[in-house]
Structure formats: structure tokens, C-alpha cells
Amino acid sequence: MPKKIAVIGGGFSGTMVIRQLIDHGFKGTIHRFIQENSETGGPAYKNNSAPLLLNVRNQNMSAFPDDPSHFVRFLELHFPEHALPNNFVLRSIYGHYLKSIWDETKDLSKKAEIQLQLVSSFQVDHEEYDAIVLATGNELPRIPTGLSTKVIASSFYQGNPWEIDFNSIQHELPIFILGNGLTMVDTVLSLRQAGFQQKIVALSTHGFNMLVHPENEVLTQQVSAPVQQDLHSLVHFFNIQRKGLSHAQFLLLVDSFRPYFSTWWQRFSLDEKKLFISKFRHVWGTIRHRIPTQIAQKINEERISGQLVVQAGKLLSFQENGQFAQIAYTSDNKVINGDFACLINCTGPETDITVMSNPVIKDLLSKQWILPDLIRQGIDIQADTHLALGNSPMKIYAIGNLCKGTLWESTAVGELRAQAKLIAKGILESK
Ligand SMILES: Cc1cc2nc3c(=O)[nH]c(=O)nc-3n(C[C@H](O)[C@H](O)[C@H](O)COP(=O)(O)OP(=O)(O)OC[C@H]3O[C@@H](n4cnc5c(N)ncnc54)[C@H](O)[C@@H]3O)c2cc1C
């Protein structure tokens, strides 16, 4: 068993890999590298004053794959008024849950005489370790092409949608959001909570509407998995189902097949993966990333009142003149020029490791200890072990977003908790 391990990341994934290691008998030293003041939260569950809810029901948010009711039991004990399995609770409550697991983990490590040490640094001396776990999570969104360094450095460009600098945004002009997914929804609610009343324009390539989680309607028909699992047959299968089922039933059907998606994905040819990314990823993303009804109602009110305008189009240019952001974009085949308070980038985390700014990823990549996957959606890993495929002298494991190219579905708690257990098992069984 390796004796000295580095776990890099202060979010759910880092916490759960360490917890699984301890629960399964690890003996030795663990150094956990974190960003200062961020032991467990990550951008998703930090203590935010905005009323942001989980996008997944309580019953599916346990951190332990073998104990599905763990989160609901935590709620029953500490937040009984929110404990219904079917509910969506505040993300800050989930932050408390993760903190309680981390506190417990630290106690367990003491009892098991494991040297568990927190290191507040983004630099890692890799050679020291027998194994490294990359749990670096959500990278900032890619900077849109064509932006000058002056614009990027200015407060008119808000490149971190999870840590918006509200103080630097003026209240008079409209706000421009690039992206139209869950992060856009969070951003709109956070802006309103922070007192910004002005109009918000959200631009995305397709301008799809966010879908809402169905109330727990029972999927009346049992639909068996499609026999042909190439991309073309799967698209055909889902199209047929969509026509035969109610909207809610179709969404529940997608949920029931989501755990299969990684297996389908791994069997796709490179061309199929590329086709999926160019043609179907937005549709699939919209169908499976859904919001709770309460949040949908707020967004609908915003849209009906005209305070939030969602448009399909492309960003053409973005400049600043010291007082406001001048943005040009297309919508309905027209070019629109507007003056905005700022642009907030909500296009989703960067996945191409060759352009990531994370010093650990950069360092490992420069040594070729990790390699990008063929479609530039993360690190090339072995799907069944999560071991990075590179020329590393030690074992490097990756979890979460970094594994998207190999697994596609590698973001939600349901996926990460299973990955954490698998990685811990791999470490414990390795020589
Ligand atoms: C806003 C938002 C809401 C979400 N809501 C849900 C939900 O409701 N349900 C669900 O199942 N999933 C949700 N997700 C998915 C979410 O990504 C996962 O649930 C989970 O939080 C990811 O955890 P992680 O540890 O992999 O990454 P992160 O939470 O991103 O944590 C990684 C941490 O590592 C740190 N780090 C990175 N590099 C280094 C380095 N070199 N050195 C030191 N520290 C480093 C980062 O600063 C960060 O704190 C949400 C995601 C986001 C962004």
C-alpha cells in the first residue's frame, strides 16, 4: 500500500477520497492541498447568501455510494424541516453536510493514527508522494476568443461566475451574461439577492430553455435499455421515447438511463464522440441538467417581466471604455450593439487541460505525467481505475470534471461518490 499520498483539491471529491481511504483501512500520510480558507466547499456548496438550491433531490445526494440515505438522515438530525427525500435543499445546507463529513474524517484519521495534513498551496512537490489524486474540480470558464488583455483584467469582465465581484458592478446599465445554463440561473439569482435590479441579457449559442425537474410522477412503463448502443441508434431510441411518453415521463426515463451513459460513451468511436459534442451535447445537457420548480418559477417571472432576456446568438466583440462595457452580439441574424455594466462568463468550466491555468495540472502536463484525452475534455484515464495514462513515476488518479473525456458523465455527486470509492480501493490495493 502506498504510504504517502497527495490529494489535491478542497471540494467534495477530495474530501470523499480521503474519507474512503480512511474508512477502508489506509495507514500512512495524506497531504491535502487546498485553496486557502476552502477546506470542503468548492464553488458549488460554499456559504452563499443567495437562495440557491441543489439541482438534485435530497435522496440522491448522499456522499456515500453504499449508504444512499446518509444525507437524508443528516437532514433529519440537523435540518428536520428540510428532510423530505424528494426535496431540493439550499446548497449552503449541503455545505454544512460536507463540513460535518470532513470534521468526522479528521477525527477518524486521528483515531487511526493517520497523518492527515492540510496544505494551503497551489504548488505541489510531486516527487514526495507515492500516489497523487487530482480532485481539482471546476476550472474557471474559458475566456471568450478575441478579448484584449485589458478587457480581461478589467472589472467589466467577470471571469469567475462563482465569485462575482459585486462591488465593482454598477447598478444602472444592463448586465450581460454569456451562457444560459445552471450557472446563468445561479448568477441571475445571486445578482438579484445582491440588489441588482437592472435588466439582464443572457446569450448562448442555442438559447435553450432550462427544463424543470418533474414532480415525482411514476414512470409507468418499464423501458428496457436499447440493444443498439451506437450514437445514431441511441438518438433514434430517445426520439421514439420522447414521442411516446409524457414530458415528465420522458425526463424520468432519461434519469433512469443516465447511469448507462458512461458505458455507451466509452463504446462510441472517436467520430461519434466528436459528433455528439458538435450536435447533441447541448440538447443532452439541457435535458439532464434541470432546475427545481421554485427556481424555475423565479426565472420565469424574470423572463415574463422582461427583466431577463435569453437570446440565441454569438458574442462578436467586447470592449470597455473605462465607464461601461461595449458589447456586440448576434441574435435572430441581427447584430446588436449595447452598453452593459459588465459581462459575466457563465459558459461552464474549462475542460481542456492544455489551456488550464491550474499550476498542478500545468506542471504534470509539462512533464507528460498526465496527458489530454483525444477530445480535449480532460485527462486521459483508464475508465475502470481512474489512473492517469502518462509517463508518471508514481500513480496519478483523477476524479470528477477531469474525467469527462473518458466518461462524459463525471460531475454530479452520484458519480463522484462512486469514483471516490473506486480510487481509494485502487490506492489501497496497489503495491
Ligand atoms: C454551482 C454548482 C452547483 C452544483 N450543484 C450540484 C448539485 O446540486 N448536485 C450535484 O450532484 N452536483 C452539483 N454540482 C456539481 C459539482 O461539481 C459536484 O457536486 C462537486 O461539488 C464537485 O466537487 P469537486 O471536489 O470535484 O470540485 P470542486 O468543488 O470544484 O472543488 C475543487 C477544489 O479544489 C481546489 N483546487 C483546485 N486546484 C487546486 C490546487 N492546485 N491546489 C489546491 N487546491 C486546488 C479548488 O479551489 C476547489 O476548492 C454543482 C456544481 C456547481 C459548480
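This is a predicted model: local features need pLDDT of at least 70, side-chain atom pairs count only at pLDDT 80 or more; totals for chains, interfaces and linings use all residues.
Ser 317 is partly exposed, with a relative accessible area of 29%.

Where does Ser 317 sit? The residue is part of strand β11, which covers residues 315-320. Leaving aside residues up to four places away in sequence, Ser 317 touches Gln 326, Ile 327 and Ala 328. For a distance across the chain, take Asn 86: it is 231 residues from Ser 317 in sequence, and the two C-alpha atoms are 44 Å apart.

Now the sheet around that residue. β11 belongs to an open sheet of three strands, in the order β11-β12-β13, and the pairing is antiparallel. β11 and β13, the latter at 334-340, are the edges; each has a single partner strand, so one side of each has no neighbour in the sheet. On average, neighbouring strands here are turned by 15° against each other, direction ignored.

The pairing of β11 with β12, residues 325-331, is antiparallel and runs over five bridges. Two of the positions can be named. Phe 318 has Ile 327 in β12 as its bridge partner, and Glu 320 stands opposite Ala 325 in β12. Ile 327 is also one of the residues that Ser 317 touches.

Gln 368 has a positive phi of about 60° and is not a glycine. His 386, also not a glycine, has a positive phi of about 65°. Gln 368 lies in the loop between α11 (359-366) and β15 (395-398), and His 386 is placed in the loop between α11 and β15 as well. Which of these is buried, and which partly exposed? Gln 368 is partly exposed at 43% relative accessible area, whereas His 386, at 3%, counts as buried.

There is a second sheet to mention. It is open, has five strands in the order β5-β14-β6-β7-β10, and its pairing is parallel. Its edge strands are β5 (157-158) and β10 (308-312), each pairing on one side only. β5 is joined to β14, residues 343-345, by two bridges, and these strands run parallel. Within that pair, Gln 158 has Ile 344 of β14 as its bridge partner.

Last, the ligand. How many residues are around it? There are 33, and those that come nearest are Ser 13, Gln 35, Tyr 45, Asn 55 and Asn 358. Several elements supply at least two residues each to this shell: α1 (12-23), β2 (29-34), α2 (42-45) and α13 (413-429). α2 gives the most, with four residues.

A backbone N or O atom of Asn 55 is 2.7 Å from a ligand oxygen. For Asn 138, a backbone N or O atom is 2.9 Å from a ligand oxygen atom. Taken alone, the ligand exposes 980 Å², and the protein buries 92% of that.

How values were computed:
Residues are numbered from 1 along each chain as its sequence is written. Side-chain values use heavy atoms; hydrogens and water are left out. Buried means under 20% relative accessible area, exposed over 50%, partly exposed in between (1.4 Å probe, protein chains only). Contact means heavy atoms within 4.5 Å. Two strands pair if DSSP finds at least two bridges between them. Axes are lines fitted to C-alpha atoms, for helices over the stretch in contact, and angles run from 0 to 180 degrees between N-to-C directions. A residue is near a molecule or strand if one of its heavy atoms lies within 4 Å of it. A polar contact is a pair of N or O atoms within 3.5 Å; within protein, one must be able to donate a hydrogen and the other to accept it, and residues adjacent in sequence count only if both atoms are side-chain atoms. Accessible areas come from the Shrake-Rupley method with a 1.4 Å probe; for residues, only the protein chains shown count as cover.
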